[in-house]
Amino acid sequence: MDPYLNKLSIRYIPMTETAFYILLALKSPLHGYGIILEVEALTEGRLRLGAGTIYGTLSKMEKDGLINVVGQEERRKIYRQSILGDELLKLELERLRTLITDSERSGY
Amino acid sequence: MREFYFWLGWNCEKFEQHLEEMAQNGWRLKSASFGITILEYERREPSKVSYCLDYNPKYTEDSLSIIRDDQWYAVSKSVGWWLWEKEYETEKPKLFTDKSSLIERDKRLLFILLLLFCTQLPLLITTLSNNYKYNFHRFDFSMISLSIIYSIFILFYIYALTKLYLRIRKYNR
């Protein structure tokens with residue numbers, strides 16, 4: 001595995017729901033508030049992320065290279081998953097699938 | 001209606017709760033001054049309002065636009081503190097829904113306090129030592145009171161830093 005990806009996975013995996021859904025939503029370019037709405041839609045109303053949490057997590061993810069700024073609309077930045085972010089999300093999904101299969105094998 | 005409310009950086013929740021109760025009783029915060037401690041209320045219909053304090057002296061335009069898009073309104077801001085409010089009907093909205101973002105806010109405050117403490121400490125120490133050097137043989141009232149005041153200063157900083165550090169530790173568990 002890419003050493004930088006490895007370093008990121010130690011920090012981000014297992015992923016919090018916040019990070020997971022932000023990365024998921026950013027498969028398409030969105031601005032901050034758009035992410036809040038998209039995650040609410042993806043989770044069918046279950047998860048309504050706070051605006052404070054969003055701006056903090058977005059700046060952290062941008063610094064770590066998980067997301068990129070792909071545009072600007074007035075004062076709003078438009079973000080999108082980077083290749084690194086995509087790979088990290090796939091690692092997390094792999095981990096979650098493993099958990100499911102292992103538990104099914106145990107009879108759950 | 002005016003009120004003085006004393007709060008410190010590590011008991012934001014109590015302050016937020018107080019404002020929310022006031023709003024439910026028909027007193028809506030109109031403005032605040034002196035580091036958001038002198039509060040001015042106006043009489044309004046009882047309403048459900050969620051308040052949230054954020055410490056961020058360096059908000060980016062983008063961050064502000066995200067918060068404002070989500071219908072939060074900055075009732076007051078002072079010395080890096082922002083007091084946000086949002087009316088709601090059913091579920092109480094929160095600015096921070098994740099532990100890690102609360103930790104980040106506390107870390108921002110901790111950093112600034114630490115910075116202030118480190119810049120003020122040498123000043124306090126040199127002043128105190130100068131006092132003792134020149135007044136060693138005299139039981140000077142002013143020297144004693146000065147020492148007491150400075151000690152209180154230092155103790156407050158240490159108390160504040162410890163409280164914040166423990167809060168951050170508690171979140172991480």
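Helix packing and local details

Modeller: Start with A:Glu44, which comes after helix 3 of chain A. Its phi is positive, near 55°. Bear in mind that this is a predicted model.

Colleague: Okay. Which residues of helix 3 (residues 32-42) of chain A are buried?
Modeller: A:Gly32, A:Tyr33, A:Gly34, A:Ile35, A:Ile36 and A:Val39 are buried there.

Colleague: And what do the buried residues of helix 3 of chain A pack against?
Modeller: In chain A, they pack against helix 2 (17-25), strand 1 (30-31), helix 4 and strand 3. Helix 2 (61-69) of chain B joins in too.

Colleague: Let's take helix 2 of chain A, then. Is A:Ala25 buried or exposed?
Modeller: A:Ala25 is buried, with a relative accessible area of 3%. The residue sits in helix 2 of chain A.

Colleague: What does A:Ala25 touch?
Modeller: Leaving out residues up to four places away in sequence, A:Ala25 touches A:Leu30, A:Ile35, A:Glu38, A:Val39 and A:Leu42. A:Ile35 and A:Val39 are also among the buried residues of helix 3 of chain A.

Colleague: How far apart are A:Ala25 and A:Leu37 in space?
Modeller: They are 9.4 Å apart, C-alpha to C-alpha. In sequence they are twelve residues apart.

Colleague: New topic: helix 1 of chain A. At what angle does helix 1 of chain A pack with helix 4 of chain A?
Modeller: About 155°, with the axes 12 Å apart. Helix 1 covers residues 3-12 and helix 4 covers residues 51-64. Angles over 145 degrees count as roughly antiparallel, so helix 1 and helix 4 of chain A are roughly antiparallel to each other.

Colleague: Which residues make the contact of helix 1 of chain A with helix 4 of chain A?
Modeller: Helix 1 of chain A brings A:Tyr4, A:Leu8, A:Arg11 and A:Tyr12. Helix 4 of chain A brings A:Lys60, A:Met61 and A:Asp64. By class, four are nonpolar, none polar and three charged.

Colleague: How do helix 1 and helix 5 of chain A cross?
Modeller: Their axes come within 11 Å and cross at roughly 55°. That makes helix 1 of chain A oblique to helix 5 of chain A. The crossing is right-handed.

Colleague: And who makes that contact?
Modeller: From helix 1 of chain A, the residues are A:Tyr4, A:Leu5, A:Leu8, A:Ser9 and A:Tyr12. From helix 5 of chain A, they are A:Leu84, A:Glu87, A:Leu88 and A:Leu91.

Colleague: What about the crossing of helix 1 of chain A with helix 4 of chain A, left-handed or right-handed?
Modeller: Right-handed.

Colleague: Where is A:Pro14?
Modeller: A:Pro14 is in the loop between helix 1 and helix 2 of chain A. The peptide bond from A:Ile13 to A:Pro14 is cis, with omega near 0°.

Colleague: And A:Ser82, buried or exposed?
Modeller: Buried, with a relative accessible area of 7%. A:Ser82 lies in the loop between strand 3 (76-81) and helix 5 (83-105) of chain A. Not counting residues up to four places away in sequence, A:Ser82 touches A:Gly65, A:Leu66, A:Ile67 and A:Asn68.

Colleague: Over to chain B. Where is B:Ile36?
Modeller: In the loop between strand 2 (27-33) and strand 3 (38-43) of chain B. B:Ile36 is not a glycine, yet its phi is positive, about 55°. B:Ile36 is buried, with a relative accessible area of 0%.

Colleague: And B:Gln71, buried or exposed?
Modeller: B:Gln71 is exposed, at a relative accessible area of 56%. Its phi is positive too, near 70°. The loop between helix 2 and strand 5 (73-78) of chain B holds B:Gln71.

Colleague: What does B:His18 touch?
Modeller: B:Glu3, B:Tyr5 and B:Tyr41, not counting residues up to four places away in sequence. B:His18 is in helix 1 (residues 12-24) of chain B. With 18% relative accessibility, B:His18 counts as buried.

Colleague: Last one. Which residues of chain B does UniProt list for "transmembrane region"?
Modeller: The unreviewed UniProt entry lists residues 109-129 and 141-166 of chain B. In the model, residues 109-129 of chain B are 100% helix, with end C-alpha atoms 30 Å apart. Residues 141-166 of chain B are 100% helix, with end C-alpha atoms 37 Å apart.

Notes. Residues are numbered from 1 along each chain as its sequence is written. Chains are lettered from A and ligands numbered from 1 in the order in which they are written. This is a predicted model: local features need pLDDT of at least 70, side-chain atom pairs count only at pLDDT 80 or more; totals for chains, interfaces and linings use all residues. Side-chain values use heavy atoms; hydrogens and water are left out. Axes are lines fitted to C-alpha atoms, for helices over the stretch in contact, and angles run from 0 to 180 degrees between N-to-C directions. Helices (H or I, at least four residues) and strands (E, at least two) are DSSP runs, numbered from the N terminus. Angles under 35 degrees count as roughly parallel, over 145 as roughly antiparallel, 65 to 115 as roughly perpendicular and the rest as oblique. A crossing is left-handed if the near helix is turned anticlockwise from the far one by less than a right angle, and right-handed if clockwise. Contact means heavy atoms within 4.5 Å. Ala, Val, Leu, Ile, Met, Phe, Trp, Tyr, Cys and Pro count as nonpolar, Asp, Glu, Lys and Arg as charged, and the others, Gly among them, as polar. Buried means under 20% relative accessible area, exposed over 50%, partly exposed in between (1.4 Å probe, protein chains only). UniProt positions are given in the numbering used here, feature names are shortened, and annotations may be inferred rather than shown by experiment.
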